[in-house]
Amino acid sequence: MTKFEELQNIMTRLRAPDGCPWDREQTHFSLKAACIEEAAEVICGINILEDTGDPDNLIEELGDLLLQVVMHAQIAEEEGLFTMDDVIQGISEKMIRRHPHVFGEETVSDSGEALDKWGDIKKKEKAGKEWTENYLPDAFDEAKELIDVAKRRKGFE
């Protein structure tokens, strides 16, 4: 069993009927604050690494962010929406599609050209789904509000 599978099993156990009441109560909606807070804490870990060379905080915070992904996938699987394998398959396929200069026959001369090609491919992938972008401004606003709440809760405001 891989460490990742072990983490998935831990999450399944936490959400089982005889698991943790708090973990069982969580929903995609209820986890939004924790998800954005963990992402901010990853940034903190990166800053600590950059300033001190110490990776310990980044390791911990990446684990916490990974836990968010595992928990959301577990909830979705319980709801019959998708599985962690679907998430992994989706990102794997996206990385291959968006890197034809690595996994295909195309070439790029530098990172700028690679980024341009990424953008072109992304635009083609999103064709017909442009409406999803309408949700992004509100999501950024909500993320900012959730960060402000987390800052107050931790005593930084």
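A disulfide is taken here as a pair of cysteine sulfur atoms within 2.5 Å, and a search of the whole structure, which is a predicted model, finds zero of them. Cys35 is in no disulfide, the nearest cysteine sulfur being that of Cys44, 17 Å away, and this separation is too far for a bond. Cys35 is partly exposed at a relative accessible area of 29%, and Cys44 is likewise partly exposed at 38% (buried, under 20%; exposed, over 50%; partly exposed, in between; 1.4 Å probe, protein chains only).

Local features need pLDDT of at least 70 and side-chain atom pairs pLDDT 80 or more, whereas totals for chains, interfaces and linings use all residues. Residues are numbered from 1 along each chain, and side-chain values use heavy atoms, without hydrogens or water.

Just after α4, Gly80 takes a positive phi of about 75°.

Leu66, Val69, Leu81, Phe82, Val87 and Ile88 form a nonpolar surface patch with about 450 Å² of accessible area together (Shrake-Rupley, 1.4 Å probe; residues over 30% relative accessible area and without a salt bridge, nonpolar side chains joined within 5 Å; a salt bridge places a Lys or Arg side-chain nitrogen within 4 Å of an Asp or Glu carboxyl oxygen). Helices α4 and α5 each give two or more residues to this patch, and Ile88, found in α5, is partly exposed at 37% relative accessible area.

Note on methods
Helix = DSSP H or I, 4+ residues; strand = E, 2+ residues; numbered from the N terminus. Patch = residues over 30% accessible without salt bridge, like charges linked within 9 Å, V, L, I, M, F, W, Y side chains within 5 Å.
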